[in-house]
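We will go from the whole chain down to a few side chains.

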Amino acid sequence: MKRNVIWDSDGIERALSRMAQEMVDREQDCSNLALIGIHRRGVPLAERLAARLKNLAKAKVPVGA
């Protein structure tokens, strides 16, 4: 069976960066944001997105599960 790769690690990094930038563009004050990750893979993904938001928006975004 042939396996298709949808996103490699670089693709995921680009997607996270784009999501973070779009969130900052739409929500000028990111101090009111919170991210909720679904257990399995969502929590680490939310944490990585929160780290990018911290760098872009200079705001600590809490992460829950």
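Helices here are DSSP runs of at least four residues, numbered from the N terminus. Keep in mind that this is a predicted model.

**Whole chain.** Start with everything selected. Trace them from the N terminus: the order is α-β-α-β. The C-alpha trace spans about 45 × 25 × 15 Å along its principal axes. Of the 65 residues, 26% are buried.

**Charged side chains.** Colour by charge next. There are 12 positive and 8 negative side chains. The centres of the two sets lie 8 Å apart. Side chains of opposite charge can pair when their charged atoms come close. How many salt bridges are there? The count is three.

**Within helix H1.** Select Arg-26 and Glu-22. Their side chains form a salt bridge at 2.8 Å, N to O. Both residues sit in helix H1, four residues apart, or about one turn of the helix. Arg-26 is exposed, at 67% relative accessibility. Glu-22 is partly exposed, at 42%.

Now select Arg-48 and Glu-13. This salt bridge is 2.2 Å, N to O. It links distant parts of the chain: Arg-48 is in helix H2 (residues 42–57) and Glu-13 is in helix H1 (residues 9–26), 35 residues apart.

Arg-52 lies in helix H2, 39 residues from Glu-13 in helix H1.

Is Arg-52 buried or exposed? Arg-52 counts as buried because its relative accessible area is 18%, and the cut-off is under 20%. Glu-13 is partly exposed, at 30%. Arg-48 is partly exposed too, at 34%.

Key. Residues are numbered from 1 along each chain as its sequence is written. This is a predicted model: local features need pLDDT of at least 70, side-chain atom pairs count only at pLDDT 80 or more; totals for chains, interfaces and linings use all residues. Side-chain values use heavy atoms; hydrogens and water are left out. Helices (H or I, at least four residues) and strands (E, at least two) are DSSP runs, numbered from the N terminus. Buried means under 20% relative accessible area, exposed over 50%, partly exposed in between (1.4 Å probe, protein chains only). Lys and Arg count as positive and Asp and Glu as negative; His and the chain ends are not counted. The place of a charge is taken as NZ of Lys, CZ of Arg, CG of Asp or CD of Glu. A salt bridge is a side-chain nitrogen of Lys or Arg within 4 Å of a carboxyl oxygen of Asp or Glu.
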